[in-house]
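Hi,

Here is the structure I promised to pass on to you.

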Amino acid sequence: MIIVISAQDNTPESRVDPRFGRAAYFLAYNTEDGRYTAVANEQNVMAAQGAGIQAAQAVVALHPDLVVSGNVGPKAFRALSAAKVKVALWSEGTVAEAIELVKANKLQAADGANVEGHWM
Amino acid sequence: MPNLTIAVASGKGGTGKTTVATNLTVALAREGLDVAYVDCDVEEPNGHIFLQPTVDREEEARVAIPSIDPDICTGCGECSDFCQYNALAVLGPSVMLFPELCHSCGGCRLVCPEKAITEIPKTVGRVRTGTSHEAGFIDGTLEVGATQIHPVTSLVRRTVGSHQCAVIDAPPGTTCPTIEAVRDVDYVVLVTEPTPFGLNDLELAVGMVRELGLRFGVVINRSDIGDDRVETFCIRENIPVLLSIPYDLECARAYAGGHLAIDRSETFRHMMVDLYHRVEEGAHD
């Protein structure tokens, strides 16, 4: 299973970034081998519109089963759902803590976006 | 193209653009002029409330958006890389379109190496044509959820027939929708009020019309409130004050009831006719 987490920096000790589309980094964690891959999201941080959509595209390319982020807007949620990626909303700690919660089955998948898009 | 196209605009909302535009139009129609009221405030058209037009034609304003053939698309991502508005996302083998972000540039169709993209029309607004009080009536309304204002305003402007005179009710502000409404007109009437807010937004509007190289003058509405800084500004900048409209309870009552002020106040009707003469002089200077 691959879990992608939005993060404020590129290490497992980084705090989960509460923003999905404009997160600083995405960290992909593979539960099979316990390894992390960090992907910078800098091109979307300053996007005028559609940051969430492009972030979703970048995240989907990492083939995750689950995404953990603080807030996901309606378009990003639609894009992730179209790629059959589940979304869990949580940003109260670090990336490593998020992964422990997922492993312990303590994070529920959301059934919809939890914030309005910034554009509409 | 009308012989004389007048745009009624303002930097600030709520200064009285629609009051001036609707009353000016009908006052001129009653003087025997072949005139049309043209509501270009497509996000909030409200001239129809005062003019109660008989509508005899309606046309859709459309833009082109991409349609991606999933059988041909390989998910290569060229289209999504090209799109500056992030309207396309490659999600595994398929591409997802977010039509509300598309600016209809057509670039995705050109860059697609598989030719999997065609363009399909999307309705973004409606333009109505009719008559009201012996005057022509045209207005445009942006569809709920659509963000493409420019194509609707543009269709409204193209729909104006060959009247002697057209009075455009422009949207407030100094951004793209306003510029599309005032572009290439013969004269811009900037309606303002003598308050600090009115002055601030008038200065912005003056900057816009000067940048566009348009002839213009100012109408000061509710001229007996506030202070004299708008007048001082106009004198200093050598801008003609075409008309000062004092606050009038009868006019306010007419407005609140959705009626034309010229039907309640002969003074106001004269003001509108005088305004037209000032504009006509200014436009042909």
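In this predicted model, the axes of helix 7 (residues 196-211) of chain B and helix 8 (residues 229-236) of chain B come within 9 Å and cross at roughly 25°. Axes here are lines fitted to C-alpha atoms, for helices over the stretch in contact, and angles run from 0 to 180 degrees between N-to-C directions. Helix 7 of chain B is therefore roughly parallel to helix 8 of chain B; angles under 35 degrees count as roughly parallel, over 145 as roughly antiparallel, 65 to 115 as roughly perpendicular and the rest as oblique. Helices (H or I, at least four residues) and strands (E, at least two) are DSSP runs, numbered from the N terminus.

Which residues meet there? Gly198(B), Leu199(B) and Leu202(B) come from helix 7 of chain B, and Arg229(B), Val230(B) and Phe233(B) from helix 8 of chain B. Residues are in contact if their C-beta atoms, placed from the backbone, lie within 7 Å. By class, this helix contact has four nonpolar residues, one polar and one charged, where Ala, Val, Leu, Ile, Met, Phe, Trp, Tyr, Cys and Pro count as nonpolar, Asp, Glu, Lys and Arg as charged, and the others, Gly among them, as polar.

Some housekeeping on the model: residues are numbered from 1 along each chain as its sequence is written, while chains are lettered from A and ligands numbered from 1 in the order in which they are written. Since this is a prediction, local features need pLDDT of at least 70 and side-chain atom pairs count only at pLDDT 80 or more, whereas totals for chains, interfaces and linings use all residues.

Now to chain B as a whole. Its secondary structure comes to 10 helices and 11 strands, and its C-alpha atoms fill a box of roughly 70 × 40 × 35 Å along the principal axes. An automatic or database domain assignment divides chain B into domain 1 (4-61 + 134-283) and domain 2 (70-115), with C-alpha centres 41 Å apart.

Do have a look at the strands of chain B as well. Strand 3 (residues 54-68) and strand 6 (residues 117-132) of chain B run antiparallel and are joined by 14 bridges; Ala61(B) has Gly125(B) as its bridge partner. Strand 6 of chain B is also joined to strand 7 (residues 135-142) of chain B, again antiparallel, by eight bridges, and Ser132(B) is partnered with Ala135(B). In the hairpin of strands 6 and 7 of chain B, with two residues between the strands, His133(B) takes a positive phi near 50°.

Chain A has an open sheet of five strands in the order 3-2-1-4-5, with mixed pairing. Strands pair if DSSP finds at least two bridges between them. Strand 3 (35-40) and strand 5 (86-89) of chain A are the edge strands. Strand 1 (residues 2-7) and strand 2 (residues 25-30) of chain A run antiparallel with six bridges, and Ile5(A) has Leu27(A) as its partner. Helix 4 (residues 95-103) of chain A packs on this sheet, touching strand 1, strand 2 and strand 4 (66-69) of chain A.

Finally, the two chains meet: 12 residues of chain B are in contact with 13 residues of chain A. On the chain B side, strand 4 (residues 88-91) of chain B gives the most, with three residues. That side has eight nonpolar, three polar and one charged residues.

Best wishes
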